[in-house]
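Please look over the sequence and the model shown below before reading on.

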Amino acid sequence: MRRKKRFDGLDVLVAERGGALLATAVLLTGSRVAGEDLLQVALERLMRNWSRVQGDKEGYLRRTLYHLAVDRWRLRGRRPEVLAENEPPGQADGTEALHLRQALIQALAMLPPRQRAVLVLRYREQFSESEAAELLGCSVGTVKSTASRGLARLRELTAAWALEDAGMNGVGR
C-alpha cells in the first residue's frame, strides 16, 4: 500500500502515454529494443526523483528521454560500440506506407541525436519551436537551425535512396 501511494499516478501515466513515449524513444534510438531500454532508464530516473518532480511528470520524462539519447550518442563518440543486428530484417508486405515509414526511421537513425530529437519533437510530437527549445534547454534559434539542418540531411539521405531504387529498377527491365 505504501508503494502505491509513493508513485501515485505513475500507472496512469504509463497506461495512457506509454505507447506514445515508446514511439518517441524508438525514433530517438533507431530500434525498438534500444527504445525500450531508453524508456526504461528514463522511467527509473523519474521514479528515483518522483517526490522532487513538481507538476508535469510526463514533461520531466520526455526531457529525460531526449537528454539520455543525446548523452548516449556523446558516450559512443568517446567509446564506440560494436553493434550486431539484433532485430530480424523487416518483411516487405507490399504497402508503400510501410516502406516509407521504415525508410524514414532509417534516415532518422542516421542523424545526430540532437537533430533527431528536434525533428521528433517538432514533427512527430507537434511541439512548437519554443516548447521544443524549453524541453531541450536551448534557444528557439537553435531549434530552428537544428531542424533546418536535420531536414536538409533527411532530404539528402532520401534522395540518395530514391536514386538507388531508380537504378535498381532500371537494371531489371
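## Salt bridges

A salt bridge is counted here where a side-chain nitrogen of Lys or Arg lies within 4 Å of a carboxyl oxygen of Asp or Glu. This is a predicted model, in which local features need pLDDT of at least 70 and side-chain atom pairs count only at pLDDT 80 or more, whereas totals for chains, interfaces and linings use all residues. Residues are numbered from 1 along each chain as its sequence is written, and side-chain values use heavy atoms, with hydrogens and water left out.

The count comes to seven salt bridges, and R17, E58, R62, R124 and E125 are linked in a network of them. Helices here are DSSP runs of H or I with at least four residues, strands are runs of E with at least two, and both are numbered from the N terminus. R17 is partly exposed at 31% relative accessibility, while E58, at 18%, counts as buried; buried means under 20% relative accessible area, exposed over 50%, and partly exposed in between, with a 1.4 Å probe and protein chains only.

Other salt bridges join residues of one helix. R32 and E36 meet at 3.1 Å, N to O, and because they are four residues apart in helix α3 (residues 32-48), about one helical turn separates them. In helix α8 (residues 140-171), R153 and E156 are three residues apart, so they too are separated by about one helical turn, and their closest N and O atoms are 3.0 Å apart. R153 is partly exposed at 34%, as is E156 at 48%.

## Overall fold

The secondary structure comes to eight helices and zero strands. Of the 173 residues of the protein, 34% count as buried. Contact means heavy atoms within 4.5 Å, and among the contacts with a separation of 6 or more, 66% are between residues 24 or more positions apart.

R62, a member of the salt-bridge network, is found in helix α4 (residues 57-78) and counts as buried at 3% relative accessibility. Leaving aside neighbours within four places in sequence, R62 is in contact with R17, A20, L21, T24, E125, F127 and L135.

## L108 in helix α5

L108 has its place in helix α5 (residues 96-109) and is buried, with a relative accessible area of 6%. Not counting residues up to four places away in sequence, L108 touches L27, R116, L119 and L154. The C-alpha atoms of L108 and V120, which are 12 residues apart along the chain, are separated by 9.0 Å.
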